[in-house]
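Please keep the structure open while going through them.

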Amino acid sequence: MLFLSMDFRSRLREEIEFSGKQFKEVAAEAGITKSTMDSYVGSQGSMPSADVAVRLAKAIGVSVEYLVTGQGEENLISKKDRHIINCLNKLSEKGRIALERYIEAISECI
């Protein structure tokens with residue numbers, strides 16, 4: 001069971017870092033305390049209950065199956081595409097409009 005927790009811990013840490021969110025943000029979105037989050041991502045590597053694992057996965061945009069087993073990510077948006085989406089979400093409305101026009105212009109040329 002410790003082996004599974006270690007893998008879950010690693011995947012959870014990696015996906016939170018990749019999401020660009022802070023651990024406390026993900027904890028709040030999942031409805032858990034920061035100290036509970038620390039028990040999942042820290043050296044303890046505790047395994048959350050199923051309902052908490054589902055909420056954590058939802059908060060960072062991955063499947064609970066992936067967090068727990070490392071499998072099933074093929075149905076998700078790729079890490080590269082998620083990175084682009086995270087960057088897009090940080091744009092101002094003006095920046096989004098400009099980028100949308102640019103994408104439309106270059107995609108018509110292809």
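1. Glu93, Glu100, Glu104 and Glu108 together form a negative surface patch in this predicted model. Patches are made of residues with over 30% relative accessible area and no salt bridge, like charges being joined within 9 Å and nonpolar side chains (Val, Leu, Ile, Met, Phe, Trp, Tyr) within 5 Å. A salt bridge is a side-chain nitrogen of Lys or Arg within 4 Å of a carboxyl oxygen of Asp or Glu. Lys and Arg count as positive and Asp and Glu as negative, with His and the chain ends not counted, and a charge is placed at NZ of Lys, CZ of Arg, CG of Asp or CD of Glu.

2. On the sources, residues are numbered from 1 along each chain as its sequence is written. The model is predicted, so that local features need pLDDT of at least 70 and side-chain atom pairs count only at pLDDT 80 or more, while totals for chains, interfaces and linings use all residues; side-chain values use heavy atoms, with hydrogens and water left out.

3. Glutamate 108, a member of the negative patch, sits in helix H7 (residues 93-109), and is exposed, with a relative accessible area of 68%. Buried means under 20% relative accessible area, exposed over 50%, and partly exposed in between (1.4 Å probe, protein chains only).

4. A nonpolar surface patch is formed by Ile84, Ile85, Leu88 and Leu91, which together have about 280 Å² of accessible area, computed by the Shrake-Rupley method with a 1.4 Å probe. Leucine 91 belongs to the loop between helix H6 (79-89) and H7, and is partly exposed at a relative accessible area of 32%.

5. Which residues of helix H2 (residues 23-30) are buried? They are Val26, Ala27 and Ala30, and they lie on the same side of H2 because they cover an arc of only 105° around the axis, the arc being that of the directions from the helix axis to the C-beta atoms. The face turned away from this buried side carries the exposed residues Lys24 and Ala28. Glycine 31 follows H2 and has a positive phi, near 75°.

6. Serine 46 lies in the loop between helix H3 (34-41) and helix H4 (50-60) and is partly exposed, with a relative accessible area of 25%. Its C-alpha is 9.1 Å from that of threonine 36, 10 residues apart in sequence.

7. For the chain as a whole, there are 7 helices and 0 strands, helices (H or I, at least four residues) and strands (E, at least two) being DSSP runs numbered from the N terminus. Buried residues make up 27% of the 110 residues.
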